[in-house]
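The tour begins with one pair of side chains and then widens to the whole chain.

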Amino acid sequence: MPIVFERVTDKAQIVSLCEMARRIWTEHYTPIIGEAQVEYMLEKFQSVDAVSEQLASGGYEYYFALYHGEYAGFIGIVPEQEKLFLSKLYIDADFRHRGIAREAMNFLSEYGKQRNLNKIYLTVNRNNTDSIAAYRSMGFDVVCEQVADIGGGFVMDDYVLERPV
């Protein structure tokens with residue numbers, strides 16, 4: 001299979017993941033939420049310290065998506081009581097439209113089945129139309145809207161999407 005998932009377990013992987021997050025966020029999210037909010041969110045959620053803390057005590061698991069052996073993106077998940085929270089699914093621009101996101105959903109569905117979880121859910125910015133369309137094509141439906149104050153004068157204005165495992 002050309003796409004495999006590798007669990008992030010050490011500091012070098014965390015550093016690589018955060019470098020990838022910066023590249024993806026800067027390219028993809030700056031037009032949607034602006035440079036200031038991108039910088040704030042990268043520091044708050046995707047810095048080496050933040051990811052290390054999420055792994056150590058936040059219940060997170062991170063996985064790199066490798067496409068023919070190359071780091072192409074990553075996912076961040078939090079297994080909960082009955083659902084799987086897909087916190088992050090990011091694909092580097094050079095690797096988009098190659099089936100990686102769909103294969104990630106297959107991986108997450110299998111992960112959920114093994115743990116008796118019944119749904120996968122996520123949040124997505126309401127103006128992130130390309131990602132919303134991609135999630136809908138993978139069986140996600142909008143279940144509600146939410147606005148979350150993340151500090152620094154910023155909010156996340158999102159849809160909550162969900163699909164069965």
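Select Glu-145 and Arg-126 to start: their side chains meet in a salt bridge, 2.6 Å from N to O (a side-chain nitrogen of Lys or Arg within 4 Å of a carboxyl oxygen of Asp or Glu). Glu-145 lies in strand β6 (residues 141-151) and Arg-126 in the loop between β5 (119-125) and α5 (129-137), so the pair ties together parts that are 19 residues apart in sequence. Helices (H or I, at least four residues) and strands (E, at least two) are DSSP runs, numbered from the N terminus.

The model is predicted: local features need pLDDT of at least 70, and side-chain atom pairs count only at pLDDT 80 or more, whereas totals for chains, interfaces and linings use all residues. Residues are numbered from 1 along each chain as its sequence is written, and side-chain values use heavy atoms, with hydrogens and water left out.

Asp-157 has a relative accessible area of 28% and is partly exposed (between buried, under 20%, and exposed, over 50%; 1.4 Å probe, protein chains only).

Next, select Glu-27 and Arg-96, a salt bridge whose closest N and O atoms are 2.8 Å apart. Then move to Lys-83, Lys-119 and Glu-162, which a network of salt bridges links.

Finally, display the whole protein chain, which has five helices and seven strands.
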